[in-house]
Amino acid sequence: MENGKLLLDTFQRHLLQNFQTYCDRQGQAPTAEDLVVYLIDRQLLSTPIVRRYAVQFEFEGLYPDHGFHKSNTVATLADRFQISDRHVWSLLKYNQQKSQRKRYRI
């Protein structure tokens, strides 16, 4: 596990150094919002990851507002993000399966 920790530490060190350099060149103080933009611009956060994250958390916020009707919530998200209902369902299913895998990891 030490190799994994070393890799993570090295990645983090380089990422933060490069992000700081980027901010210095832009003449701005680093912010969390800028870091997210930087990660997306450098393709360290892919579009599918961003989409899964956004859909999951928007669903959780909208679900109670839609009277706990999954289909209505999914339809709203599909319209909002310009993706099919089926794709929203698959993203939600993927996130659910991923959280279940974490729970049973040994």
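Me: When two helices lie against each other, what describes their packing?

Reply: Two packed helices are described by the angle between their axes and by the distance between those axes. In this predicted model, helix 1 (residues 2-26) and helix 2 (residues 32-41) have axes that come within 11 Å and cross at roughly 105 degrees. Angles from 65 to 115 degrees count as roughly perpendicular, and helix 1 and helix 2 are therefore roughly perpendicular to each other.

Me: Which residues make the contact between helix 1 and helix 2?

Reply: From helix 1 the contact takes Leu 15, Asn 18, Phe 19 and Tyr 22, while helix 2 supplies Asp 34, Leu 35, Tyr 38 and Leu 39. Sorted by class, this contact has 6 nonpolar, 1 polar and 1 charged residues.

Me: At what angle do helix 3 and helix 4 pack, and how far apart are their axes?

Reply: Helix 3 (residues 47-65) packs with helix 4 (residues 70-81) at an angle of about 130 degrees, and their axes are 10 Å apart. Helix 3 and helix 4 are therefore oblique to each other, and their crossing is right-handed. On the side of helix 3, the contact is made by Ala 54, Val 55, Glu 58, Phe 59, Leu 62 and Tyr 63, and on the side of helix 4 by Lys 70, Thr 73, Val 74, Thr 76, Leu 77, Arg 80 and Phe 81. Taken by class, the contact of helix 3 with helix 4 has 8 nonpolar, 2 polar and 3 charged residues.

Me: What does Phe 81 touch, not counting residues up to four places away in sequence?

Reply: Phe 81, which also belongs to helix 4, touches Ala 54, Val 55 and Glu 58 on that count. Phe 81 and Val 55 are 26 residues apart in sequence and 8.4 Å apart in space, C-alpha to C-alpha. At 32% relative accessibility, Phe 81 counts as partly exposed.

Me: Where do nonpolar side chains tend to be in soluble globular proteins?

Reply: In such proteins, nonpolar side chains tend to be buried together. Here the largest nonpolar core has 10 residues, namely Val 55, Phe 59, Leu 62, Val 74, Leu 77, Ala 78, Ile 83, Val 88, Leu 91 and Leu 92. Helix 3, helix 4 and helix 5 (85-103) are the elements that give two or more residues to this core. Apart from it lies another core, of 6 residues, among them Leu 15, Tyr 22, Cys 23 and Tyr 38.

Me: What is Arg 51 in contact with, leaving aside its neighbours within four places in sequence?

Reply: Arg 51, a residue of helix 3, is then in contact with Ile 83, His 87 and Leu 91. Between Arg 51 and Val 88, which are 37 residues apart along the chain, the C-alpha atoms are separated by 9.4 Å. With a relative accessible area of 29%, Arg 51 is partly exposed.

Me: Is Phe 68 buried or exposed, and is Gln 82 buried or exposed?

Reply: A residue counts as exposed when its relative accessible area is over 50%. Phe 68 is exposed, with a relative accessible area of 54%, and Gln 82, at 69% relative accessibility, counts as exposed.

Key: Residues are numbered from 1 along each chain as its sequence is written. This is a predicted model: local features need pLDDT of at least 70, side-chain atom pairs count only at pLDDT 80 or more; totals for chains, interfaces and linings use all residues. Side-chain values use heavy atoms; hydrogens and water are left out. Axes are lines fitted to C-alpha atoms, for helices over the stretch in contact, and angles run from 0 to 180 degrees between N-to-C directions. Helices (H or I, at least four residues) and strands (E, at least two) are DSSP runs, numbered from the N terminus. Angles under 35 degrees count as roughly parallel, over 145 as roughly antiparallel, 65 to 115 as roughly perpendicular and the rest as oblique. A crossing is left-handed if the near helix is turned anticlockwise from the far one by less than a right angle, and right-handed if clockwise. Contact means heavy atoms within 4.5 Å. Ala, Val, Leu, Ile, Met, Phe, Trp, Tyr, Cys and Pro count as nonpolar, Asp, Glu, Lys and Arg as charged, and the others, Gly among them, as polar. A nonpolar core is a set of buried Ala, Val, Leu, Ile, Met, Phe, Trp, Tyr and Cys residues joined through side-chain atoms within 4.5 Å. Buried means under 20% relative accessible area, exposed over 50%, partly exposed in between (1.4 Å probe, protein chains only).
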